[in-house]
Amino acid sequence: MKQRHIVLVLLFFGWVISYLDRMVMTVAIPYIATDFNLSPVAMGVVLSTFFAGYALFQIPGGMLADKFGPRKVMVTGLAWWSVFTAFTGAAGSLGQMVIIRLLFGIGEGVFPASSWKTIANWFPVKERATANGFMMSSNFLGPAIAPLFVVAIMASWGWREVFYVLLFPGLIIAVLMWFFIQDNPEKSTRISPQELAEIQSAEPASLSTDGKKVTFADVLKSKIAWQCFLTWFSYDITFWGFMSWVPTFLIKERGMTMIKMGITASIPFFAGMAGLILGGYISDKFFKNNRKMLVIMTDLLGALFLYTTYYSSADSIMFNMILAGFFIGMAFGAIWGLPMNVMPKEVMGSASGFINMAGQIAGFISPIVIGFLVQASGGNFESAFFFLIGGSVLSAIVAATIKQEKVAA
């Protein structure tokens with residue numbers, strides 16, 4: 001196995017832990033709400049508070065990764081959020097829960113840009129969307145296993161113990177990252193000269209400044225950076241709304257038991273994982289000169305199957321949720337194929353942090369808005385699903401405005 005693939009596997013598991021730690025809340029929240037007597041709006045606040053800290057530290061995390069190297073930032077963030085995951089289980093009130101989730105979000109907030117910078121440092125341009133697709137498929141594996149994990153522990157002990165147990169996997173992965181990932185392949189003693197030569201290929205020139213060093217200010221002046229920002233924001237309205245409220249929808253509106261909900265909520269995210277990997281690969285293989293077209297197609301297909309999910313019968317809801325999850329995942333991989341191939345690796349940390357901040361702003365907004373919509377409609381999720389559909393459609397519209405320069409074959 002090549003050294004860059006070992007790095008990729010560790011990044012993958014870091015993201016799995018990240019999403020598992022944040023997504024267990026979406027499964028546990030109906031039962032936490034019972035203990036704390038929370039309204040749908042208060043539930044939305046708990047779900048969204050994480051994103052306040054997470055969004056605020058996207059750009060600082062990227063800047064820290066560009067300045068000090070991604071390894072230190074990733075390991076520190078992973079250890080930090082693992083500790084606050086455990087603290088979540090000790091919360092005794094809504095106020096304590098909100099503070100803990102905010103601090104938990106700060107720890108996770110520094111991780112994404114560092115991981116994308118690691119991909120940019122360790123992979124040649126032609127492989128970055130594929131590598132990113134594999135790494136980010138973890139964003140669906142975490143939510144896929146979260147319902148199964150939570151239900152298994154919660155059925156035996158309770159929701160608090162779920163958060164206590166999750167302290168240990170995060171600390172283990174943090175230690176492995178420290179020992180096996182270097183900031184740059186040139187610093188690694190495990191890489192061969194042949195692999196190093198493969199990695200050191202030409203960099204993208206979309207933000208060329210006539211030979212001058214590219215800075216974060218250049219990123220902020222770039223039209224395509226803002227288009228990616230808005231595309232990702234719109235997409236994540238759908239992504240985080242779907243992620244956050246599906247378990248509650250299945251329990252409250254479809255009347256599923258805890259066990260049935262765990263299975264039903266899990267399978268679409270396995271489909272999303274497959275879609276995300278495929279989206280990154282197809283973007284590299286067939287759409288390298290027109291990546292936006294794949295974004296548009298998958299966004300619209302995801303919107304279609306969200307519509308059919310809500311109006312499906314009990315017999316067909318799983319089928320429609322699987323297709324919705326698959327195309328939402330595929331759009332995820334397709335969207336990140338754009339910045340991974342137009343941003344120079346020198347500013348990949350801060351640039352990706354800037355773009356990802358858009359998604360986390362959406363992640364903060366979406367669960368709260370859905371909470372208001374559900375509460376205002378007396379527990380009905382119809383308007384919430386149309387809100388999710390609107391996010392996907394808007395993402396496709398913004399993506400259609402992007403002009404991508406052709407790259408060499």
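## A walk through the helices

Start by selecting Leu-276, which sits in helix H14; helices here are DSSP runs of H or I with at least four residues, strands are E runs of at least two, and both are numbered from the N terminus. You are looking at a predicted model, where local features need pLDDT of at least 70 and side-chain atom pairs count only at pLDDT 80 or more, while totals for chains, interfaces and linings use all residues. Residues are numbered from 1 along each chain as its sequence is written, and side-chain values use heavy atoms, with hydrogens and water left out.

Leu-276 has a relative accessible area of 0%, so this residue is buried (under 20% is buried, over 50% exposed, in between partly exposed, using a 1.4 Å probe and protein chains only). Now show what surrounds Leu-276: setting aside neighbours within four places in sequence, its contacts include Asn-132, Gly-133, Met-136 and Phe-140, along with Gly-329, Met-330, Phe-332 and Gly-333. Contact means heavy atoms within 4.5 Å. Next, pick Asn-139, 137 residues from Leu-276 along the chain; the C-alpha atoms of the two are 8.9 Å apart.

Axes are lines fitted to C-alpha atoms, for helices over the stretch in contact, with angles from 0 to 180 degrees between N-to-C directions. The contact of H14 with H16 has 15 nonpolar, 8 polar and no charged residues.

Then select H7 (residues 128–136) and H8 (residues 138–156), whose axes come within 5 Å and cross at roughly 15 degrees. That makes H7 roughly parallel to H8, a term for angles under 35 degrees. From H7, Phe-134, Met-135 and Met-136 make the contact, and from H8, Ser-138, Asn-139 and Phe-140. These residues divide into 4 nonpolar, 2 polar and no charged. How many of the residues of H7 are buried? The count is 7 of 9, so H7 is mostly covered; among the buried ones are Arg-128, Asn-132 and Gly-133.

For the last stop, select Thr-85 in helix H4 (residues 70–88). Thr-85 counts as buried, at 0% relative accessibility. Its side chain joins that of Asp-21 in a polar contact of 3.4 Å; such a contact is a pair of N or O atoms within 3.5 Å. Beyond residues up to four places away in sequence, Thr-85 touches Asp-21, Phe-104, Phe-163 and Leu-166.

Note on methods. Angles under 35 degrees count as roughly parallel, over 145 as roughly antiparallel, 65 to 115 as roughly perpendicular and the rest as oblique. Ala, Val, Leu, Ile, Met, Phe, Trp, Tyr, Cys and Pro count as nonpolar, Asp, Glu, Lys and Arg as charged, and the others, Gly among them, as polar. A polar contact is a pair of N or O atoms within 3.5 Å; within protein, one must be able to donate a hydrogen and the other to accept it, and residues adjacent in sequence count only if both atoms are side-chain atoms.
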